[in-house]
Amino acid sequence: MIRIVCMKNQKLLLLVFLCSLFLVPRTYSYMQLTEEGKIANQTLTIQTDSITVDGNLLKLTGKIKHKKYLVYYSLKSPAEKQIWQRKKLPNAAVISGETINFTNARNLNGFDEKKYYQSLGFSQKIRGESLKPFRQKKAGLTDLRQQLIWKIDQRYNKRLSSYVKAIVIGYKDAQFAEYTAAYKTTGLLHLFTLSGLHIQFYLGGLHLLLKRIGLTRKVRLNLLSVLGICLIYLTGASFSTIRAVVSFLIAFVCVTYDIALAKLDQWSLMLFVMIICFPLIFWSVGAQLSLYFALLLLYIRDLQFKNWQQMGLFSLLSLPILLFSFSEWTILGVFFTLLLFPLFEWGVLPGCLLLFLGCFLPIPQFLSSLLNNFFQLIENGLGHLDFSNLVIGRPTFIVFLVLVFLILLSIDRLKYRQNCYWLISSAVLLVAATSFSANGIVAFIDVGQGDSILIKLPFKQETFLIDTGGRLMFKQKKWQVRQEKQLSDYQLLPLLKSLGISRIDHLVITHNDADHMGELMHVLKKIKVKTLYLAEGSQTELKKDLELLKGTSIQLVKSSDTIGKRLKVKILSPEQSRGENNDSVVAYFRVNRQRFLLTGDLEVSGEKNLLKNYPQLKTDFLKIGHHGSNTSTSEVLLKKIRPKYGIISAGENNRYGHPTKETLAKLKKYRVKIFRTDQQGMIYYEWSAITKIGKTKVLIDFIE
């Protein structure tokens, strides 16, 4: 906008103003919430390439009366499941169920479902109760894409088909994350995201073919425009693909009609087109990365540096957006990119395209074997590299903008061979301030139906984690079993990274229930833990798992023990444990003049013993026992310890009815302010080491 104003072109300013008038109501329509409610016998047009079946869960994208919905449906039988796994899938259905609005992030710096899906144009999600599928005669590009996916799956083994689908048509199946885990840790996953490289390869190749045929430039432009739009739909219409196609066509228009438009102006025009089409585009992390990287490459290519220097500089200057999106930096990512990028550009991409064509034409068998072995070799090689990414933390939005400004200013000074050390030093100080924040936090993390509490002292002096959360398992038939996913990958671990935590000093497991310690072994694999604390006696049940631990010391605790150096966490119970609810580790501590009492799943009889041993016990914050069930939180306890705040950690719409009406009534009777993770997401107390001011915060403002 600043650039447009500085150009002082009245026609251009008028055009931008008129487009803005169109943009405002369009953005408003995207953001407008629809009321939740029941729907019955509505005709749903299904986007067939979005259909995924995981055990008894069906997930798909569809439209009802031109509104886009994300649909979830529990399949009732193996026969019904088979309908959604055959070659020709239903492209329509009659659906009844409940419409539900998307929610904001449930944990600090976590995945924001509402922003993500609204940026893609979704209206709501539907929890289907009945679904009667059928096929309409008309078919679209999404049906063609689904057929291509099926064709690749039939032609190659699981590993190879997963790579070909991702690289050629931008479809990442359930196994893709498993195969590419090593690429993610080494910063190479971007090679498998459709972007400028792929689009240049496809449209650039088609352009050369059309030119060789002898078509005029204007005819080529028309054909490439149509083919570009088809390519967008056939590759899943991701923001990175759309950006690359629009950028390619803008550049081709400028060449065709001899329009002198600077590269930065072309980028700005592309951005303007994207915002007109997708008003909430900046809510998408993928779009943010794609646009920022494209802008960065524009500036870097103007510098008179060698290719490897440009690549290294690109990696360094990408730091602000990477921290804002992922809270960590892959230090060796630039090295591996330099090493493998040429091989990928000239070998893997053309090879996968040939394999894709091999679904329709005969190709030599050795090619598929060669690529399959190559992928396995790279996976194994990268998997043996034992190094961690640099976890820094997520900067605030203001700090992020300042970092981007410093980066662009540094590039400008580098262009004219001017000194930019002071700019780089300022950026380093901001990054360090992000990692070593002066704020402390006690967080009751939303892990669904479970418990996990984080304590982080200011400047990362000491960190505590009490329980890890976990999933309670229920018996299912073989066809109903879903792909196993670690809940901590979506809840606990992203939070730790966003706070700049790369090591837990003290990890306490209150007792052996899966909803408290189900994620323990996965957390121990993913993050360094100095000491693991278990109630004395509870370790017997965990003996096999504990024997596998490396680099973590195990300490057994009982009543009257103290954990921590700078923060003293007192263990009030039990004397001896069998790992059951009433043997839960009860912890008590003070931070910033606030008292916290964490009771795990302690039951009423356990509370009675606690008060007997500590008759003077008082607290400000009480973690309500057993997720607010009737078995915990007696009136005697509330009357004696007089908490100001009661935190209930329970899963949204959980099957147990936690918290119970009786427990809520008791808390209200004793004027305890209630916080609930099922309604408000993560609840946390944050204070500053400098001002000593503290405040209790929630992620979701719940209105009853």
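**A guided tour of the model**

Begin by selecting Leu141, Leu144, Arg145 and Leu148 in helix α5, which meet Cys230, Tyr233 and Leu234 in helix α10; contact means heavy atoms within 4.5 Å. The residues of this contact comprise six nonpolar, no polar and one charged (Ala, Val, Leu, Ile, Met, Phe, Trp, Tyr, Cys and Pro count as nonpolar, Asp, Glu, Lys and Arg as charged, and the others, Gly among them, as polar).

The model is predicted: local features need pLDDT of at least 70 and side-chain atom pairs count only at pLDDT 80 or more, while totals for chains, interfaces and linings use all residues. Residues are numbered from 1 along each chain as its sequence is written, and side-chain values use heavy atoms, with hydrogens and water left out.

Next, display the whole of α5 (residues 141-155) and α10 (residues 217-234), which pack at an angle of about 60° with their axes 9 Å apart. Helices (H or I, at least four residues) and strands (E, at least two) are DSSP runs, numbered from the N terminus. Axes are lines fitted to C-alpha atoms, for helices over the stretch in contact, and angles run from 0 to 180 degrees between N-to-C directions.

Now select the five strands that close into a barrel in the order β1-β2-β3-β5-β4, with mixed pairing. Within it, β2 (residues 57-64) and β3 (residues 67-74) pair in the antiparallel sense over eight bridges; two strands pair if DSSP finds at least two bridges between them. Isoleucine 64 stands opposite lysine 67 in β3.

Finally, select glutamine 288 in helix α13 (residues 285-300). Glutamine 288 is buried, with a relative accessible area of 17% (buried means under 20%, exposed over 50%, partly exposed in between, with a 1.4 Å probe and protein chains only).
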